[in-house]
Amino acid sequence: MDFAGDFPVPEGLSYYSFQKAGIAYSLNRGNTLIGDEPGLGKTIQAIGIINAKPDIKNVLIICPASIKINWKRELEKWLVRKTSVEIANASDDAFPDADIVIINYDILEKYKESIRIKIYDLLICDEVHYCKSPKAVRTKAVKEISRIAKKRIFLTGTP
């Protein structure tokens, strides 16, 4: 199946055909697990979903702390519309007020009240295998947050 030209992409960039297939697959689903091998562009697919749906305005991205800056860099490179992107840090007094907020699993508990007051059009959980234990605090926090999101994308290279 060829999806050439179907999804908005910044000038000079393009999606691979399997990334287009992943974007297309997830567009009409409330929940999607993208379990591609590491290095195949799961982040790009998730951003492609944002690009393909202009009604996605509020996004919460949960990922390991070590890749928050990479997420911000990729969003700035791949988004096709002007969107504010901020990173939540443990040392911050307040939760960021932005269209897209990137937060790591380990500080979800600190900001759970701030996160709960907003309805997210999209929740992206990267490296979601971090939530494999149902009794873990981070797993419970992600489960609770996922209830206030209209759409959920889960990414892992370790399904």
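Leaving aside its neighbours within four places in sequence, which residues is Q19 in contact with? They are L40, G41, I44 and Q45, where contact means heavy atoms within 4.5 Å. The structure is a predicted model, in which local features need pLDDT of at least 70, side-chain atom pairs count only at pLDDT 80 or more, and totals for chains, interfaces and linings use all residues. Residues are numbered from 1 along each chain as its sequence is written, and side-chain values use heavy atoms, with hydrogens and water left out.

Q19 is part of helix α1; helices (H or I, at least four residues) and strands (E, at least two) are DSSP runs, numbered from the N terminus. With a relative accessibility of 3%, Q19 is classed as buried. Buried means under 20% relative accessible area, exposed over 50%, and partly exposed in between, using a 1.4 Å probe and protein chains only.

Two packed helices are described by the angle between their axes and the distance between the axes. Helix α1, residues 17-27, packs against α2 at an angle of about 55°, and their axes are 9 Å apart. Axes are lines fitted to C-alpha atoms, for helices over the stretch in contact, and angles run from 0 to 180 degrees between N-to-C directions. The two helices α1 and α2 are therefore oblique to each other: angles under 35 degrees count as roughly parallel, over 145 as roughly antiparallel, 65 to 115 as roughly perpendicular and the rest as oblique. Their crossing is right-handed, a term used if the near helix is turned clockwise from the far one by less than a right angle, with anticlockwise being left-handed. On the α1 side the contact is made by F18, Q19, G22, I23, S26 and L27, and on the α2 side by I44, Q45, G48, I49 and A52. These residues divide into six nonpolar, five polar and no charged. Here Ala, Val, Leu, Ile, Met, Phe, Trp, Tyr, Cys and Pro count as nonpolar, Asp, Glu, Lys and Arg as charged, and the others, Gly among them, as polar.

Helix α2 (residues 42-52) also packs against helix α3 (residues 68-78), at an angle of about 45° and with axes 10 Å apart. This pair is therefore oblique as well, and α2 passes α3 in a right-handed crossing. From α2, the residues T43, I44, A46, I47, I50 and N51 meet W71, E74, L75 and W78 of α3. The division in this contact is seven nonpolar, two polar and one charged.

In soluble globular proteins, nonpolar side chains tend to be buried together. The largest nonpolar core in this model has 26 residues, and those with the most contacts inside it are I50, W71, L75 and I124. A nonpolar core is a set of buried Ala, Val, Leu, Ile, Met, Phe, Trp, Tyr and Cys residues joined through side-chain atoms within 4.5 Å. At least two residues of the core come from each of several elements, including α1, α3 and β5 (122-126), while α2 gives the most, with five residues. A second, separate core of 22 residues includes Y105, I107, C131 and I145.

Elsewhere, E76 lies in helix α3 and is exposed, with a relative accessible area of 55%. E127 sits in the loop between β5 and α5 (137-146) and is partly exposed, at 24% relative accessible area. Most residues other than glycine have a negative phi. E127 is not a glycine, yet its phi is positive, at about 55°.
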